Amino acid sequence: EETVVKQGTATCGYGDIAVVSNRENQKQIVAFAATGNVRYSNTSSNIQITRLYSDNGGQSWTSSDYTSKIYGIYSSGYGRFFTSGRICQSKQIKVGDYYRLYAALCVWNGSNSNALVIYSDDFGSSWNVLGSGYAVSGGDESKVEELPNGNVLISSRIYDVTKGYDSNGRRRFNVFKYN
């Protein structure tokens with residue numbers, strides 16, 4: 001049955017939602033949504049993030065502003081955009097009580113967008129950057145997926161400030177390899 005989790009207004013919407021349920025406890029669900037009315041490439045402000053959490057299978061939800069918790073891990077750049085509507089839960093890496101979550105963080109520097117892979121080992125309560133530096137330069141609307149061998153793939157739309165998105169629909173890819 002359909003339920004309204006968070007109601008938008010004329011000046012504040014919730015979009016590009018990324019949802020994941022805990023692999024070992026399906027009643028735990030975490031979702032992150034882009035919040036507000038800010039366009040990523042037209043601002044020096046970050047697109048706000050709302051974290052929605054349920055521990056009863058989606059019957060009730062709590063929400064909180066997670067903007068500083070996520071964007072605070074990487075302070076360079078003008079504007080930031082988290083997840084692009086996709087979070088991936090690892091099938092292999094478990095730290096403490098939870099399997100690792102992966103997501104993309106796009107950073108606008110005023111003339112270009114670049115993408116990072118970030119991860120959480122506590123079901124989205126805190127985040128860290130995977131590797132050092134950008135995973136994809138000139139990448140936007142990035143998605144992350146764990147490959148069968150445990151490596152992490154990031155895929156990004158090609159974006160150029162003078163040309164916009166690649167008219168041929170091409171993407172850039174990078175892979176983080178674990179030993």
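## Contacts and the model

Two residues are in contact when heavy atoms of theirs lie within 4.5 Å. By that rule, and leaving aside residues up to four places away in sequence, glycine 124 touches Phe32, Arg51, Tyr66 and Leu101.

The structure is a predicted model, in which local features need pLDDT of at least 70 and side-chain atom pairs count only at pLDDT 80 or more, while totals for chains, interfaces and linings use all residues. Residues are numbered from 1 along each chain as its sequence is written, and side-chain values use heavy atoms, with hydrogens and water left out.

## Overall build

The protein has 1 helix and 13 strands, where helices (H or I, at least four residues) and strands (E, at least two) are DSSP runs numbered from the N terminus. Read from that end, the order of elements is β-β-β-β-α-β-β-β-β-β-β-β-β-β.

Of the 179 residues, 45% count as buried, a word that stands for under 20% relative accessible area, found with a 1.4 Å probe and with protein chains only. Among contacts with a separation of 6 or more, 50% join residues 24 or more positions apart.

## The largest nonpolar core

A nonpolar core is a set of buried Ala, Val, Leu, Ile, Met, Phe, Trp, Tyr and Cys residues joined through side-chain atoms within 4.5 Å. The largest one here has 38 residues, and those with the most contacts inside it are Phe32, Ile70, Phe82, Tyr102 and Val117. Elements that give two or more residues to this core include β2 (29-36), α1 (67-71) and β7 (113-120), while the largest share, 7 residues, comes from β6.

Valine 117, one of the residues with the most contacts inside the core, touches among others Tyr102, Leu130, Ile154 and Phe176, again without counting residues up to four places away in sequence.

## Glycine 124

Glycine 124 lies in the loop between β7 and β8 (128-129).

Definitions and conventions:
Buried means under 20% relative accessible area, exposed over 50%, partly exposed in between (1.4 Å probe, protein chains only).
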